[in-house]
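Me: Could we go through this structure together, starting with the charged side chains and then moving on to the rings and the core?

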Amino acid sequence: MRSPLDRLRHAISFELLALILMIPLGATVFAMPMQDIGVVGIVGATLATIWNILYNYIFDLAMRRLSGTTLKTGRLRILHAVLFEVGLLVMLMPFIAWYLGISLWQAFVMDVSFALFYMVYAFGFNWAYDRLFPLPEWKTAQASD
């Protein structure tokens, strides 16, 4: 499993790159001031970072118990991303509605849009991160396949 420092590096780099992409894109798509989307993005990134660390630790524990490894297949990566975003959606939607002064329905649509962006982004980012920083156990597992 990954060390706590590696998990922290992963979470921070994930959120910083996402904010660089999401804030201008969200402001354009939703026709809202960049600073408002920035606040939503920063609060969301903070909650997501905490959720990311907890969620990935729990997911890896479950994987290791069920399969003996933390090596993820393509299908497992999709499930991983979807479950992460569903949990985050439940946490963020009320904040978005309150902060932007919009209805829960509008916040839901906005939150789902952000979640779709993040699902695609998370899939690509995590795959790239795992290739850049592979665990030693994966090299052994891949060599035997």
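**Salt bridges, rings and core**

Reply: D6 and R9 are joined by a salt bridge in which the closest N and O atoms are 2.6 Å apart, a salt bridge being a side-chain nitrogen of Lys or Arg within 4 Å of a carboxyl oxygen of Asp or Glu. This is a predicted model, in which local features need pLDDT of at least 70 and side-chain atom pairs count only at pLDDT 80 or more, while totals for chains, interfaces and linings use all residues. Residues are numbered from 1 along each chain as its sequence is written, and side-chain values use heavy atoms, with hydrogens and water left out.

Me: Where do D6 and R9 lie?
Reply: Both lie in helix α1, three residues apart, which is about one turn of the helix; helices are DSSP runs (H or I, at least four residues), numbered from the N terminus.

Me: And is D6 buried or exposed?
Reply: D6 counts as buried at 10% relative accessibility, whereas R9 is partly exposed, with a relative accessible area of 38%. Buried means under 20% relative accessible area, exposed over 50%, and partly exposed in between, with a 1.4 Å probe and protein chains only.

Me: How many salt bridges does the structure hold?
Reply: It holds six, and R2, D6, R9, R77 and D130 are linked in a network of them.

Me: What about D111, which has no salt bridge?
Reply: D111, in helix α4, is buried, and the nearest side chain of opposite charge, R77, is 22 Å away; here Lys and Arg count as positive and Asp and Glu as negative, with His and the chain ends not counted. Leaving aside neighbours within four places in sequence, D111 is in contact (heavy atoms within 4.5 Å) with L89, L92, M93 and I96.

Me: Switching to rings, what lies over the face of F133?
Reply: R9 does, at 3.7 Å from the ring centre, the rule being that NZ of Lys or CZ of Arg is within 6 Å of the ring centre and within 35 degrees of the ring normal.

Me: Which rings form the cluster that ring pairs link?
Reply: F14, F117, Y118, Y121, F125, Y129 and F133, where rings of Phe, Tyr and Trp (its six-membered ring) pair if their centres lie within 6.5 Å, with planes under 30 degrees apart counted as stacked, over 60 as edge-to-face and the rest as tilted.

Me: Why is the pair of F14 and F125 edge-to-face?
Reply: The ring centres are 5.1 Å apart and the planes stand at 85 degrees, so the pair is classed that way. F14 is in helix α1 and F125 in helix α4, 111 residues apart, and both are buried.

Me: Last topic, how many residues has the largest nonpolar core?
Reply: It has 29, with M22 and I96 making the most contacts inside it; such a core is a set of buried Ala, Val, Leu, Ile, Met, Phe, Trp, Tyr and Cys residues joined through side-chain atoms within 4.5 Å. The largest share of this core, eight residues, comes from α4.

Note on methods
Helices (H or I, at least four residues) and strands (E, at least two) are DSSP runs, numbered from the N terminus.
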